[in-house]
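The sequence and structure come first.

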Protein chains: 2
Amino acid sequence: MAGLYHAPVMQELMKQFAKLPGVGPKTAQRLAFFILSLPRDEVRAFSESLVNAKETMTLCPICFSLTDITPCQVCRDETRERQTICVVEETADVFSIERARDYRGLYHVLHGSISPMEGRQPENLKIKELFSRLEGEGAGGVREVILATNPDVEGETTALYLARMLKPLGIKATRIAHGIPVGSNLEHADAATLAQALEGRRVM
Amino acid sequence: MAGLYHAPVMQELMKQFAKLPGVGPKTAQRLAFFILSLPRDEVRAFSESLVNAKETMTLCPICFSLTDITPCQVCRDETRERQTICVVEETADVFSIERARDYRGLYHVLHGSISPMEGRQPENLKIKELFSRLEGEGAGGVREVILATNPDVEGETTALYLARMLKPLGIKATRIAHGIPVGSNLEHADAATLAQALEGRRVM
């Protein structure tokens, strides 16, 4: 016998787990064995919840966030301010910003960022849809677009690209502030963050 | 609107992911959104692989490892030495030991360890089955039982418990060695490991 091999059904399950972000082969094996330790009903519930989520969630035709209702919770909410649109990379970012309970405007989800290195061009993102929204009849006069893409190279590139496109429309483009996270300290901040924190200083 | 809520199908999927070891609520949300980013076919394959694994894998009636064939790969392999049984807590441990490609005996999987604190008593483990195996006709004269439970409190308790039960049967009980991991260094070793490494020293 040439070494112990995993059963084909287990190999397949490990392959599936290993697709998840942050899951390597060792964790995938641990998760696969964990699944076997669950009662049959719970495994079935897990299995069904994957398909249910995928089949139920769709893109909001206005802001392109993932939603189970059309339009989404935010777009249908008449108490939200319609003069501001916050542009984010992913639907999860909408939830992050909502948790801060500070923002009352609308959103637009790009579904990624511009990354020529990884072959993600502007036309692969919901950018055309953003501008249709801004120029369209139902726009209701958007005055500000907040660019809340991630503070990495791709996110900055995307923000810069959008800011340039927004300029001729006379819509104010703003970028979320970079700086020292609240509750953190200077000692732990990296140089790039510190430089941005200094540049973005405000009069007290 | 009282804050943004996740769609019920997403809440359910996050709840399922959060059951996995090492997955907290933030990771569960990230994994749930990742699932939505996969093509429908891939989600279906993932979903099916969970149920397939659970429905296919059973316990080997001899060593109680999780297997898709009966008896399992090891128990059916006539080239394995039948005088030695290596006792482990979980099926995954069998694969870990097999990767070392050094051991040629049989296994016995306990499915846990003794932990009075967590209500895991000897009768909840495959201990009765181990002794039926040692005393039974098909035993073929087992001479040594290697106790390869984990080197934590529960694993040590289990090893001690089994060693005491093996004594009257005249079967040699051995415990895997504790010590400094190969490739590691003394500086990183904790005090308990170092104490065990010193105690287990050998003449060179």
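A residue is called buried under 20% relative accessible area, exposed over 50%, and partly exposed in between. The model is predicted. With a relative accessible area of 29%, A:Glu12 is therefore partly exposed. A:Lys15, at 47% relative accessibility, is also partly exposed. The side chains of A:Lys15 and A:Glu12 form a salt bridge, with 3.5 Å from N to O. Both residues belong to helix H1 (residues 8–18) of chain A, where they are 3 residues apart, about one turn of the helix.

**Relation of the two chains**

The same surface serves both copies, since 100% of the contact residues of chain B recur in chain A.

**The interface**

In the contact between the chains, 56 residues of chain B meet 56 residues of chain A. Chain B and chain A bury about 5,500 Å² between them, and 69% of this area is on carbon and sulfur atoms. Within chain B, the residues that lose the most area to chain A are B:Leu4, B:Leu50 and B:Lys54, which together account for 13% of what that side buries.

Between chain B and chain A, 11 residue pairs are in polar contact, counting pairs with both residues at pLDDT 80 or more. On the side of chain B that touches chain A, at least two residues come from each of helix H1 (8–18), helix H2 (25–37), helix H3 (40–56) and helix H4 (91–99) of chain B. H3(B) gives the largest share of that side, 16 residues. Sorted by class, the side of chain B that touches chain A holds 31 nonpolar, 10 polar and 15 charged residues.

**Salt bridges**

Side chains of opposite charge can pair when their charged atoms come close. Over all chains, the search of the whole structure finds 15 salt bridges. Across the interface of chain B and chain A, the rule finds 5 salt bridges.

| Pair | N to O distance |
|---|---|
| A:Arg44 and B:Glu55 | 2.8 Å |
| B:Glu118 and B:Arg120 | 3.0 Å |
| A:Lys19 and B:Glu42 | 3.2 Å |
| A:Lys15 and A:Glu12 | 3.5 Å |

The side chains of A:Lys19 and B:Glu42 meet in a salt bridge. This pair crosses between chains: A:Lys19 is in the loop between H1 and helix H2 (25–37) of chain A, and B:Glu42 is in helix H3 of chain B. A:Lys19 is partly exposed at 30% relative accessibility, and B:Glu42 is partly exposed at 28%.

A:Arg44 and B:Glu55 also pair through their side chains. Together with A:Arg40, these residues are linked in a network of salt bridges.

The pair of B:Glu118 and B:Arg120 has both of its residues in chain B. B:Glu118 counts as exposed, at 56% relative accessibility. B:Arg120, with a relative accessible area of 26%, is partly exposed.

Is B:Ser65 buried or exposed? At 7% relative accessibility, B:Ser65 counts as buried. The residue is found in the loop between strand E1 (58–59) and strand E2 (66–67) of chain B. Leaving aside neighbours within four places in sequence, B:Ser65 is in contact with B:Thr58, B:Leu59, B:Cys60, B:Cys72, B:Thr91 and B:Val109.

B:Ala197 has its place in helix H7 (residues 191–199) of chain B. Not counting residues up to four places away in sequence, B:Ala197 touches B:His178, B:Gly179 and B:Ile180. The C-alpha atoms of B:Ala197 and B:Thr56 are separated by 42 Å, and the two residues are 141 residues apart along the chain.

How values were computed: Residues are numbered from 1 along each chain as its sequence is written. Chains are lettered from A and ligands numbered from 1 in the order in which they are written. This is a predicted model: local features need pLDDT of at least 70, side-chain atom pairs count only at pLDDT 80 or more; totals for chains, interfaces and linings use all residues. Side-chain values use heavy atoms; hydrogens and water are left out. Contact means heavy atoms within 4.5 Å. Buried area is the accessible area (1.4 Å probe) that two parts lose on being put together, summed over both. A salt bridge is a side-chain nitrogen of Lys or Arg within 4 Å of a carboxyl oxygen of Asp or Glu. A polar contact is a pair of N or O atoms within 3.5 Å; within protein, one must be able to donate a hydrogen and the other to accept it, and residues adjacent in sequence count only if both atoms are side-chain atoms. Helices (H or I, at least four residues) and strands (E, at least two) are DSSP runs, numbered from the N terminus. Ala, Val, Leu, Ile, Met, Phe, Trp, Tyr, Cys and Pro count as nonpolar, Asp, Glu, Lys and Arg as charged, and the others, Gly among them, as polar. Buried means under 20% relative accessible area, exposed over 50%, partly exposed in between (1.4 Å probe, protein chains only).
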